[in-house]
Each structure stands twice: as structure tokens, then as C-alpha cells.
Amino acid sequence: MDERAVGFNPRTLGDGLVYGANGDVQAFGRGPKTPGQHKTHERNVHAKGDSNHSAVENGNGEGSATPGATEGEKKVPNEALLDKFRTDVTYQQFLRKDFNPQQYASTVLKAADQSPYALPSALEKISSGIQSLNKELKVQSANQHEELFRQVHTIRHLEDILAQVTGGVDSLQSAITSIRSELSEPFLLIQARTTQLERVQSSCDVLRQITRFLYLAKKLRSHLDTQRLPEAAECLYELEQIRKTADLTGIHVVDKETQWIMKADEDVTNGASLMLIQGMETQNQSQVANAIKVFYHLKTLEQKLDTTLTALNAKISQTTKNVLSEDWRAALWTRIERLTDVLHSCSRVILKMKSTDTHGLILDDIVKVGTTEELFATFWKSLTQIVTDELANAARSSQFVETAFVGEYPKLLRLFNDLLKRLRTHMEVKDPKDESRLAFEQQLIGALAKFEHQYLSRSLTHLFEPINHIFAPGRAAPVPDDVVVLSKAIVSELETSKLDERLNASISRGVAKSLKYFAVKSENMLATEAEAYQVVEAVNASQKRNAMIFNALFQLHTAVTNLLPVIPPSAMEYIDDALKQLARVGQQIISPLFSRITAQLEATLLGIHHEGYGGSKHRDAVHQVSAYMEKLQKQIHHFHAVILSYFSSCPAISIRLRALATRVVTFFVRHAALVRPLSQIGTLKLAGDMAQMELALAPIHPLKDLGGPYKELRALRPLIFREKDQILGSPELESLSMTTAMHHMFSRAPEELLSPHVRAGWSIAKYSKWLDEQQEAEVWKLIKASLDAYANKVNQRGDSAFDPIFPVMVSLGNYFLERQRTGGPLS
């Protein structure tokens with residue numbers, strides 16, 4: 001059952017009694033009681049227990065608390081009654097928030113029409129519920145009567161307090177009324193005095209304005225009498241401000257002077273305008289400075305300068321038209337020089353005029369006083385636009401003028417650069433890379449952009465024409481004279497533009513484009529079939545054509561390299577890239593040739609292992625050249641004297657020849673050390689082959705310049721003659737690598753001490769290729785494995801000693817390991 005429906009909460013009664021979850025009393029009154037209050041209340045409850053019990057029993061009958069019930073038991077609501085109202089279908093309707101009595105009565109009457117017992121039953125049910133509720137209310141009232149009495153006492157106490165507060169409020173209102181009556185008269189007096197003071201101050205301000213006005217009017221007359229227009233302008237502006245800020249109309253002395261002041265303002269403005277025009281025409285610094293001061297004091301400087309600059313630009317425009325109207329070539333450049341003189345003169349008026357007071361630049365004074373920092377920028381922008389438009393109009397109107405400006409653009413650019421140099425002396429900028437100055441210069445040079453673009457296009461065409469002629473359809477490979485023509489064209493273009501770094505950089509970029517174009521054309525003409533890279537037979541037509549292309553590339557590369565000192569740094573990147581492309585195409589020609597001859601010479605050198613150095617032939621055979629060496633000499637001679645004879649001597653060829661000689665020496669030393677067995681007669685023959693090797697390579701490249709490989713060749717020759725007990729500590733070891741020295745030691749070893757490649761099951765060619773790809777440390781591992789295998793074999797047989805060469809090889813290996821450990825490589 002909803003507690004609100006019956007008018008009380010089973011957990012709280014009024015504001016003072018609160019029940020816990022088990023029905024015990026939790027608090028009394030409106031707040032927690034002190035221990036003394038709680039004890040007093042308990043005594044009262046026990047003292048009145050019997051009488052309360054009698055009253056409850058007489059009034060409530062069954063369901064009332066017994067005399068012996070505890071205080072908590074008396075105050076617990078009848079839960080059974082509450083559950084009955086919550087669960088009963090009839091009573092549940094009365095607990096709903098939207099309960100409607102009329103609707104309920106209508107429902108009961110409708111039921112009565114169907115059953116005669118429905119209405120009596122409903123009335124009886126309602127009466128029973130009302131009785132039960134009345135009983136419970138009486139019980140609760142009886143149980144809570146003491147709290148109800150206490151609440152009545154509290155209300156009376158509150159009424160007393162309210163009466164006291166009401167009395168205090170009345171007293172306060174009375175005091176306020178008394179204070180108001182005492183302060184009203186002083187307030188009205190102060191208000192009147194304040195109004196009087198404000199009026200006096202206002203009158204004083206007007207009088208001061210009048211006094212200042214009359215003083216300035218007098219001062220203005222004095223300045224006008226002495227023709228000091230800047231000071232007069234300053235007085236006029238201040239008089240105008242007084243008239244705007246203070247209402248002086250109707251004052252006789254002021255009205256009397258106003259008309260004269262307006263006339264004086266007009267006279268000063270006209271006089272300053274005339275002074276400015278005259279100063280600009282005659283370049284009189286004093287007149288221009290005074291006129292600018294007048295307009296500045298009048299706060300009309302900006303608009304006046306705009307008008308003046310417009311007139312100045314009109315003069316420049318007319319002068320430019322007059323200059324460009326000439327139709328003969330000799331006078332054209334003279335008139336152009338005159339035009340630059342006019343531009344310089346007009347710009348100097350703005351840049352160089354000085355103040356007679358500060359002796360500084362007028363332009364600086366204008367910027368300091370905060371009018372506009374764009375004065376010269378505006379003038380300069382307008383000036384360059386006029387020059388741009390008039391030059392373009394002249395070129396459109398006259399083919400002669402356009403041809404002169406485009407064909408002799410460097411001369412036109414030089415004249416304008418001279419103008420800029422003269423103007424720089426007037427701009428007086430501290431930083432030569434000042435951004436504002438550079439912007440002004442770019443604007444003027446931008447007036448020539450159209451002609452510069454056409455000039456660069458013609459320059460590129462001039463550079464491409466010789467290339468197109470060289471590689472025209474039906475022509476053979478380029479010849480030296482063709483490259484000379486192209487080189488002269490490049491030199492000519494760079495020479496005409498060398499006086500202007502920016503133009504020179506643009507021309508240099510065009511040169512780079514022409515070099516790349518030449519490289520592409522050369523690459524397309526190359527012969528790439530197999531016969532173009534043969535090195536055995538006589539030189540064929542394809543090889544001759546490739547050689548001519550290579551020579552042309554090298555000739556052009558050399559010519560441009562000699563011009564690098566005149567190339568500006570800003571274009572050096574483009575030139576370097578183009579030169580690299582020329583070199584790349586040249587390498588495409590010679591790289592296959594040198595690769596082919598290198599492979600051929602290596603295959604020939606492998607014949608050293610079939611020469612039989614371990615035999616005991618007659619000593620006279622020692623002086624005969626080995627078959628493989630004789631073949632090698634013929635191949636080298638053919639390549640150098642026949643194949644390369646068609647190529648010009650150049651660094652690229654020299655570098656390749658050095659690399660070829662280095663590879664041949666390295667390959668020969670490697671396989672000379674691998675020769676096994678090696679008898680005394682074989683040793684002599686091998687030494688002879690070493691000498692023949694030097695003779696064969698001498699025409700290709702100076703062997704002394706090869707460095708380490710040649711030192712190994714020279715060191716191996718005496719080493720092969722040393723006895724085994726002389727090897728350790730021999731000076732030749734300093735120039736030999738570990739690989740070469742240890743390989744040679746295998747040629748002195750018994751057959752059961754297998755060479756590394758034999759033990760690994762490799763061919764000599766495979767082993768040689770493996771050596772090219774490995775470091776010395778990896779080679780030592782393979783060599784050590786052969787030594788360890790031999791030692792194990794001897795130990796397994798139970799032999800008492802190793803071959804005498806074995807301890808030498810072990811000691812030699814330790815020598816190279818120690819050399820590596822102390823900082824040197826194994827080689």
C-alpha cells in the first residue's frame with residue numbers, strides 16, 4: 001500500500017520520529033538528541049506507560065500495544081495491514097496515482113447491474129478498509145502523542161522568535177527614515193556645487209581654446225609674412241583640429257579669424273604644390289623638402305605624393321615612347337642610353353633628395369614619420385610597368401626594334417644593369433643582399449623578361465644547330481671539325497653573357513641541355529652488335545664508328561671542362577650533370593672492349609698450369625718464351641696497337657689501361673704462385689715468364705705506378721729461388737700477401753699435402769674466381785684446413801716427423817696472423 005495514500009510514512013512520523021530497517025527508533029525531533037535529552041524522554045515514556053496503555057486499549061481494542069511492550073514495539077506500524085492493502089485487488093486501485101472516484105463508482109454500478117451482490121460487497125469492502133485504517137491511525141496517534149505535544153511547543157517557540165524579528169525590522173526602518181531626513185539637505189547642496197564646478201571648468205576649457213586659437217592665428221600671420229610655409233602648415237593643421245574638437249561658433253573673435261584662416265590654408269597648399277613641381281623639375285632638394293613638410297603637416301602628404309608620382313610616371317612614359325620611336329639602328333642604342341638616364345634622374349628625385357633640417361634623406365624622414373613605407377615601391381612598380389609596356393609596344397610595332405632587342409639582348413641588359421648600379425649609390429643600403437633592393441632590381445630586369453626568353457630560345461637553337469648537323473641522317477660518325485664548331489658555339493654564347501651572372505647561368509643551363517642532347521644523339525648512333533666489341537680480329541667498321549663517337553665525346557668533354565672557370569656556381573650543377581652523361585656514353589663504348597680483352601687475357605694466363613714447370617727439360621729450354629706468355633704478348637699488342645689505335649688518348653682510356661694492367665699482374669702472380677710442382681728448371685722458366693710479363697705490359701702502363709700488385713710480382717721472383725730455411729725472415733714477405741706466399745709454399749710441399757682447391761674439389765678457374773670474392777681471412781681458413789688435414793694424416797700413420805716444408809708453412813701462417821693482429825692486414 002502506498003504510504004502517501006493513507007497520510008503517513010511507516011518509517012517517519014512528522015519531522016521527529018524515524019524508524020530503522022528493523023523497526024527500532026533511530027531519532028526523535030528534528031535533530032539528534034543529547035544524551036541528557038534522551039534519558040529524560042525515556043523517563044517520561046516509562047512514567048506514563050500504564051496510562052497510555054489503558055487509553056490505547058480502550059480506544060483501539062485488538063491490535064493495540066500491550067502495557068509491557070517496549071517503546072520500539074509501540075511505534076512499529078501494522079505491517080500485516082499494509083501488506084493487505086498492497087496485495088488486495090480492490091484496495092490496489094486506491095493506491096494508484098491516477099485513481100478517479102467517479103470512474104471507480106461507475107465501474108461498481110455497472111457491476112451491480114450484472115449482479116445484485118456486487119454493490120453491497122463493494123461497500124462492505126470499502127467500509128472494512130476504512131475501519132482498519134481508522135484503527136491504525138488511532139494506534140499511531142496514541143503512540144506518537146508525546147512527539148506531537150513537543151511539536152506544538154516548538155511551534156509556539158517559533159512564534160515568539162518571529163515576533164522578536166518583526167520588532168527588530170520595525171526599529172531598523174525607523175532608523176533609516178531618520179538618517180534619510182538628516183542627509184537630504186547636505187546632498188542637495190553638494191549636487192548644486194558640483195554642477196557649478198562643471199560649468200566653470202567647461203568655461204575655462206573654452207577660454208583656453210579661444211586663447212590658443214588666437215595665438216595660432218597670430219603665429220600663422222608671422223609665418224606667412226616670412227614665407228615659412230612648413231611652419232604655417234603646422235599652425236593651420238592645429239587650428240583645424242581646434243575647430244573640430246571645440247564648438248567655437250558664435251564667438252565674435254573666432255568667427256572674425258576663421259574666414260582669413262581658410263584663405264590662408266588654400267594659399268599655403270597652392271604654394272607648396274607649385275614648390276614641389278618646381279623642385280622635381282629642377283631637382284632642387286630644398287624646395288622638394290619644404291613642400292613635402294607642408295603636406296606632411298597638413299596630413300595630405302600621401303595623396304599629394306600619389307598625384308606627383310602620377311605626373312612623374314606620365315613624363316617617363318612619354319620619354320620612353322619618344323626614345324623607342326626611332327627607326328635606325330645607330331640611334332636606337334643611343335636613345336636607350338638616354339632613356340636609362342631619364343629613369344635614373346626621376347628615381348634619384350625620390351631616393352636622393354635630402355632634408356634641409358635633418359640633412360637626411362627625405363625618403364627616410366617620410367618613413368620615420370609613419371606616412372607610408374611603400375612610397376618608393378609604388379613609384380618603382382609603376383615605373384617598371386611603364387618600361388615593360390612601352391618596350392613591348394615598340395617591339396610589336398617594329399620588327400627592327402624586336403630584332404635588335406632580342407639579338408643584342410646582352411647589350412640591352414648591360415644598359416639596365418648600369419642603371420641599377422647608379423641607383424644603388426643612392427639607395428644607401430648597408431646589406432648588399434638586402435631583400436627590398438633585390439626586389440626593386442628584379443622588377444626592373446623583369447621588364448626585359450620577354451626579350452630574355454626569346455634570346456635564350458635563340459641561344460639554345462644556335463647550340464642545337466651544330467648537333468643536328470653532326471647527326472643528320474645519312475652522315476657518318478662525328479669528326480673533330482664538327483666538335484670544334486659546336487665548341488665555338490658554346491664559347492660564343494658564354495662569352496656574350498659573361499658580364500651578367502644571372503644571364504650567364506641561364507645560358508649555361510642551355511649549354512648543359514645541348515651537351516645532354518649530344519650525348520643522346522651519340523648513344524643512338526652507337527653500334528651495339530657483337531662484332532663491335534671483338535678484340536681478336538682487325539678493327540671493323542662498327543668499331544671505327546664507335547671509336548669516332550668516343551673521340552668526339554672526349555673532345556667535347558675536354559672543351560667544356562676548360563670552360564668551367566667561367567661557369568657561374570648556380571649553373572655548375574647542370575654542367576656537371578651533362579659532363580657525367582657524356583662520360584657515361586663514352587664508358588658504354590670502351591667498357592665492353594676492356595671487359596672482353598680482360599677475359600681473354602685471363603683465359604690465356606690459365607695456360608700457365610699446362611706449361612709443365614715441374615719437369616727436368618734441358619736448360620736451354622729455359623730461355624724460350626712459354627707458349628701461353630707468347631700468346632699473351634700478341635693479344636696485348638694487338639689490343640693496344642690495333643684496337644685502341646682508333647681511340648684518342650684520354651684519361652678514361654688511361655684509367656682503363658691501368659685497371660687492365662693491374663688485373664693482368666694480379667692474375668699472373670696468383671697463378672704463378674699456384675704452379676705445382678715447381679722444379680729448379682721450372683723455377684728458372686717461371687722467372688723468365690715474369691720478366692716477359694713486364695715487357696708485355698710496359699707499353700700499356702708504367703708498371704711502377706701499379707703499386708701493390710707490381711711489388712708482389714717483383715717480390716715473388718726472388719722468393720721462388722730461396723731455400724725453405726731462408727723463407728722465414730726474408731724481406732720479400734713484406735711485399736707479399738698471405739695468399740700468394742702460402743700458395744707458393746704448396747708448390748714445395750709433398751703431394752699428400754693437397755692444395756686448397758684440390759682438397760675442396762674445385763677447378764683452378766673456379767678457385768681463382770672464388771679468390772676474387774673473398775677476404776684474406778676466408779682464404780686462410782681454407783689453407784689451414786689443408787694443413788690440418790695433412791697433419792692428421794701423418795699422425796694417423798704414426799710417422800715420426802712431418803715433411804720439412806710443413807713447419808715452415810705453419811710458421812709462415814703464424815707470421816701473417818701476427819702481422820694482422822698488430823694492425824696490418826694479412827696481405
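Mentor: Let us begin with burial: a residue is buried under 20% relative accessible area, exposed over 50%, and partly exposed in between, using a 1.4 Å probe and protein chains only. Buried residues make up 41% of the 827 residues in this protein. The model is predicted, so local features need pLDDT of at least 70 and side-chain atom pairs count only at pLDDT 80 or more, whereas totals for chains, interfaces and linings use all residues. Residues are numbered from 1 along each chain as its sequence is written, and side-chain values use heavy atoms, with hydrogens and water left out.

Trainee: What makes a stretch of the chain a helix or a strand, and how many are there in the protein?

Mentor: Both are DSSP runs numbered from the N terminus: helices are H or I runs of at least four residues, and strands are E runs of at least two. By that rule the protein has 34 helices and 3 strands.

Trainee: How do you know that the length of helix 8 agrees with its number of residues?

Mentor: The expected span of a helix is 1.5 Å times one less than its number of residues. Helix 8 covers residues 118-143, which is 26 residues, and should therefore span 38 Å; its end C-alpha atoms are 38 Å apart, so the two values agree. The buried residues of helix 8 are Ala122, Gly129, Ser132, Glu136, Val139, Gln140 and Asn143. As background, an α-helix has 3.6 residues a turn, so residues three or four places apart point the same way.

Trainee: Why is Glu257 called buried?

Mentor: The relative accessibility of Glu257 is 14%, which is under the 20% limit, and therefore Glu257 counts as buried. Glu257 lies in helix 11, residues 252-282.

Trainee: Which residues are in contact with Glu257, leaving aside its neighbours within four places in sequence?

Mentor: Contact means heavy atoms within 4.5 Å. On that basis Glu257 is in contact with Phe213, Leu214, Ala217 and Arg221.

Trainee: What makes the pair of Arg221 and Glu257 a salt bridge?

Mentor: A salt bridge requires a side-chain nitrogen of Lys or Arg within 4 Å of a carboxyl oxygen of Asp or Glu. The N to O distance between the side chains of Arg221 and Glu257 is 3.0 Å, so the pair qualifies. This pair links distant parts of the chain, with Arg221 in helix 9 and Glu257 in helix 11, 36 residues apart. Arg221 has a relative accessible area of 33%, which lies between the two limits, and is therefore partly exposed.

Trainee: How many salt bridges does a search of the whole structure find?

Mentor: The search finds 23. One of them joins Glu452 and Arg502, whose closest N and O atoms are 2.8 Å apart. Here too the pair links distant parts of the chain: Glu452 is in helix 20 (residues 449-470) and Arg502 in helix 22 (residues 501-525), 50 residues apart. Glu452 is buried because its relative accessibility is 10%, while Arg502, at 38%, is partly exposed.

Trainee: What joins the side chains of Arg656 and Gln587?

Mentor: They are joined by a polar contact of 2.8 Å. A polar contact is a pair of N or O atoms within 3.5 Å; within protein, one must be able to donate a hydrogen and the other to accept it, and residues adjacent in sequence count only if both atoms are side-chain atoms. Arg656 is found in helix 26 and is partly exposed because its relative accessible area is 26%. Not counting residues up to four places away in sequence, Arg656 touches Gln587, Ile590, Ser591 and Phe594. The C-alpha atoms of Arg656 and Ile590 are separated by 8.4 Å, although these residues are 66 apart along the chain.

Trainee: Why is Gln227 called exposed?

Mentor: Its relative accessible area is 60%, over the 50% limit, and Gln227 is therefore exposed. Gln227 is found in the loop between helix 9 and helix 10 (229-245). Phi of Gln227 is near 60°, a positive value in a residue other than glycine.

Trainee: Where is the cis peptide bond that involves Pro677?

Mentor: That bond joins Arg676 and Pro677, with omega about 0°. Pro677 is found in the loop between helix 26 (651-674) and helix 27 (680-697).
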